[in-house]
Amino acid sequence: MAVVMDESVNVLGEALEPCGNEPLTGYYRDGCCNTGPDDLGQHTVCTVMTDQFLAFSKSRGNDLSTPVPAFGFPGLQAGDSWCLCASRWLEALDADCAPRVRVRSTHLATLDVCNLDDLKRYAIDLN
């Protein structure tokens with residue numbers, strides 16, 4: 001059965017740019033923050049990990065820094081790009097520890113959860 005993904009458009013209405021390949025990110029592990037009906041967590045925000053965010057996420061029960069070889073997950077470290085759940089990014093924003101965002105690599109569906117102005121304030125890829 002073919003995977004059905006939502007159109008690959010970013011929050012600026014442009015073509016969605018890749019987020020990261022080392023480690024390979026995205027719900028579909030295609031390097032992009034693509035989403036579709038089976039992506040219940042909405043892994044649509046392209047972020048750059050920080051030690052502060054990784055500690056925050058671990059404290060919320062989602063340890064992203066520890067490798068899980070059984071699932072091919074290498075564990076993340078500061079500087080890694082990763083497609084984060086929109087609700088987790090918003091939670092981190094409210095806790096003042098949101099990671100920076102690659103806006104051009106953040107899927108349009110993110111705007112169902114997050115405010116574009118907030119994403120732009122944390123952008124690392126806009127002039």
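A residue is called buried here when its relative accessible area is under 20%, exposed when over 50%, and partly exposed in between (1.4 Å probe, protein chains only). Helices (H or I, at least four residues) and strands (E, at least two) are DSSP runs, numbered from the N terminus. What you're looking at is a predicted model, so local features need pLDDT of at least 70, side-chain atom pairs count only at pLDDT 80 or more, and totals for chains, interfaces and linings use all residues. Residues are numbered from 1 along each chain as its sequence is written, and side-chain values use heavy atoms, with hydrogens and water left out.

Let's start with helix H2, which runs over residues 86-94. Its buried residues are Ala86, Arg88, Trp89, Ala92 and Leu93. These sit on the same side of H2, because they cover an arc of only 165° around the axis (the arc is that of the directions from the helix axis to the C-beta atoms). And what do the buried residues of H2 pack against? Their partners are strands E1 (43-48), E2 (81-85) and E3 (100-101), along with helices H1 (51-59) and H3 (116-121); contact means heavy atoms within 4.5 Å. Just after H2 comes Asp96, with a positive phi of about 60°.

Now for the cysteines. A disulfide is a covalent bond between the sulfur atoms of two cysteines. Here the test is a pair of cysteine sulfur atoms within 2.5 Å, and by this rule there are 2 disulfides.

One of them joins Cys19 and Cys46, with sulfur atoms 2.1 Å apart. This pair ties together distant parts of the chain: Cys19 lies in the segment before E1, Cys46 in strand E1, 27 residues apart. The link is right-handed, with 85° about the S-S bond, and both Cys19 and Cys46 are buried.

Cys33 and Cys83 form a disulfide too, their sulfur atoms 2.1 Å apart. Again distant parts of the chain are linked, with Cys33 in the segment before E1 and Cys83 in strand E2, 50 residues apart. The torsion about the S-S bond of Cys33 and Cys83 is about -95°, so this disulfide is left-handed. Cys33 is buried at a relative accessible area of 0%, and Cys83 is buried at 3%.

Counting bonded cysteines along the chain, the disulfides follow the pattern 1-3, 2-4. Cys32 is in no disulfide; the nearest cysteine sulfur, that of Cys83, is 7.3 Å away. Cys32 still counts as buried, at 15% relative accessibility. As for Cys97, its sulfur is 14 Å from the closest cysteine sulfur, in Cys114, which is too far for a bond. Cys97 is buried as well, with a relative accessible area of 6%.
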